[in-house]
Amino acid sequence: MGCARVMNPVDSAGKRNEIYIVCVYNVVGNENGDYLRNVKPAVIEVKDAFPDKTNQPFLNDCLKITNELRTAHNSRPIHYDDWLKKYAIKRAKDLSKGDGLSLKHMDLEKDVGENVYRAVGGDKVKNCTNVIKNWYHEKSSYKYDEHQFVPTASYFTQLMWDATDKMGCARVMKPVPRAVKIYEIYIVCVYKVAGNKPGESAFPDKTDQAFLDDCLKSTNKARTAHKTRLIKYDKELQNYAKERAKYASTGIGLSLKHMNLREDVGENIYRAVGGDKVKVCANAIKNWYSEISYYSFPVSLFVPKAGHFTQLMWDGSDKMGCARVMNPVDSAGKRNEIYIVCVYKEAGNVKGEYKANVKPAVGQHIGNFASVFDLPTLSAEDDLFDESAFPDKTDQAFLDDCLKSTNKARTAHKTSLIKYDNELQKYAKERAKYMSTGIGLALKHKNLKEDVGENIYRAVGGDKVKVCMNAIKNWYSEISYYSFPAGLFVPKAGHFTQLMWDATKKMGCARVMNPVDSAGKRNEIYIVCVYKEAGNVKGEYKVNVKSPTKKIANFAANLDLDVTTLSPADALFNEPD
């Protein structure tokens, strides 16, 4: 092999550097079929795992707080299991190694769930009660009215999972060099039976003959417009479509999308929230067909944003199955969350076969999907979605809160203040309504004006979630993912960097919401802010996303607050004006 290092200082003192290290190898690795021979297990134990610091008071603490919280939710009591205690120690040690944390929840034993916590701090972070409370705080992200997997609430749902009756917990830690009574700590609890199982919250099947007729008619209408062979239903694929639709509705399924799909089958997925219009299969087909605008027929290559369209039109696909599952989101049952899935055989989107299978539309007038389906107009903002869009609830108090919270964050970074713009206000309302249809949220920033940036927030809850400051705090909290020295785009920090973008001088914000209970005390809410000039422009991060003050950068130490519960957003927004 050969290795090299290049680096450049990112501060005037030269104490911090941006570094690239590259190693090249002969012969090339990662060749299919050669792993068993070339990648061998370690013959000696790796020595860099943290030492085990699990003791009886720690275990008592974990068990007591866990059962107190479970009792409050009417979940069955949990008890320790000797094997799970040993397994928790192994998992904690493994995770404390260099790349262990990035592999959390991977290679777990069958039917074992896991919660992981890492912290750097003093005596408080050793305390298991703080850890369990940290996991429990994810409750605010969980949507009881939807009963679905939520990635940001997965520790809470595992902690509360009623079917889980055994656990094991462990703590490993070591002192931080040159620091007094400061430790780096990993705490792991493992559970059996595992929680967060897909399928246990699946929506009921609502596939009927009228729905199936609509799917087939709409699909073949689109395919005929491109002189693509007609498709027909297949019983086996029908059953598989129902299975996939239920899987998608669990939340876990939708987040994984086409993973775990049979190799010989293609798949299109559609999700929407609304009234009678969103139940119709033609809307799903139109949604998939609308991706034609991203596809280039002369180039004939895979385009991620056109994947539904190319599968829908794939000439080699001659059989399909479709299914619909749905669940009401209001007490009257007039609005539903709906998942429509169609599976296809032979599978489309095969590399090198696009030109033969995805044919251009017949005639110059058919480049727009509205004309294929005999509609006057159809776009992301069209009347198709109006029935299912939530009502606008943007008032002056909300707008004042958005502007004040935004400029509070920007001031903390010495970023220029921002002001409202009437045109952007109208556009924010349009975008918020679009997001609330379900179709909009699935497509997120698709169909956004080119010169505009956008941040989106969705929540279900009481009066607290109506407040704009919660949305701003949510976006600002992504600061923990952003590297100021690197000054590069980070997907998990995209809301934060747009919020703080110095070149952005104008914005518009809006709120739409709809009750999810008969008393109107709980609402599903969408908050959207749009910005001009748009942020997140490649190559311009260092100029536009400025470092915070020292107080905000070191929020826990400077404010003398518990590092287990405080976030950067809390530090900024909880201090007095």
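In this predicted model, the largest nonpolar core comprises 43 residues, among which Trp135 and Cys169 have the most contacts inside the core. At least two residues of this core are supplied by each of helix H2 (56-72), helix H3 (82-96), strand E4 (113-121), helix H4 (128-136), helix H5 (154-160), strand E5 (166-175) and strand E6 (183-192). The largest share, 8 residues, comes from E6. When residues up to four places away in sequence are not counted, Trp135 touches Asn115, Val116, Tyr117, Tyr155, Phe156, Ile187, Cys189 and Tyr191.

A disulfide is a covalent bond between the sulfur atoms of two cysteines. Cys169 and Cys189 form one such link, with their sulfur atoms 2.1 Å apart, and the torsion of 110° about the S-S bond makes the link right-handed. This pair connects distant parts of the chain, with Cys169 located in strand E5 and Cys189 in strand E6, 20 residues apart. Cys169 counts as buried at 1% relative accessibility, and Cys189 likewise counts as buried, at 0%.

A further disulfide joins Cys62 to Cys128, with an S to S distance of 1.9 Å. The torsion about the S-S bond of Cys62 and Cys128 is about 110°, so this disulfide is right-handed. Distant parts of the chain are again linked, Cys62 being in helix H2 and Cys128 in helix H4, 66 residues apart. Cys62 has a relative accessible area of 0% and is therefore buried, while Cys128, at 1% relative accessibility, also counts as buried.

Cys402 and Cys468 likewise form a disulfide, their sulfur atoms lying 2.0 Å apart, and with 105° about the S-S bond the link is right-handed. Because Cys402 lies in helix H13 (residues 396-412) and Cys468 in helix H16 (residues 468-476), the pair ties together parts that are 66 residues apart in sequence. Cys402 counts as buried at 0% relative accessibility, and Cys468 is buried with a relative accessible area of 1%.

The geometry of helix H7 (residues 235-249) was also examined. At 1.5 Å a residue, the 15 residues of H7 should span 21 Å, and the end C-alpha atoms are 22 Å apart, which agrees with that expectation. At the start of H7, a side-chain oxygen of Asp234 reaches to within 3.1 Å of the backbone nitrogen of Glu236. The buried residues of this helix are Leu237, Gln238, Tyr240, Ala241, Arg244, Ala245, Tyr247, Ala248 and Ser249.

How values were computed: Residues numbered from 1 in each chain as written. Predicted model: local features only at pLDDT ≥ 70, side-chain atom pairs only at ≥ 80, totals over all residues. Heavy atoms only, no water. Core = buried A, V, L, I, M, F, W, Y, C linked by side-chain atoms within 4.5 Å. Buried < 20%, exposed > 50% of the residue type's maximum accessible area, 1.4 Å probe, protein only. Helix = DSSP H or I, 4+ residues; strand = E, 2+ residues; numbered from the N terminus. Contact = heavy atoms within 4.5 Å. Expected span 1.5 Å × (residues − 1). Polar contact = N/O pair within 3.5 Å; in protein donor to acceptor, adjacent residues only side chain to side chain. Disulfide = S-S within 2.5 Å.
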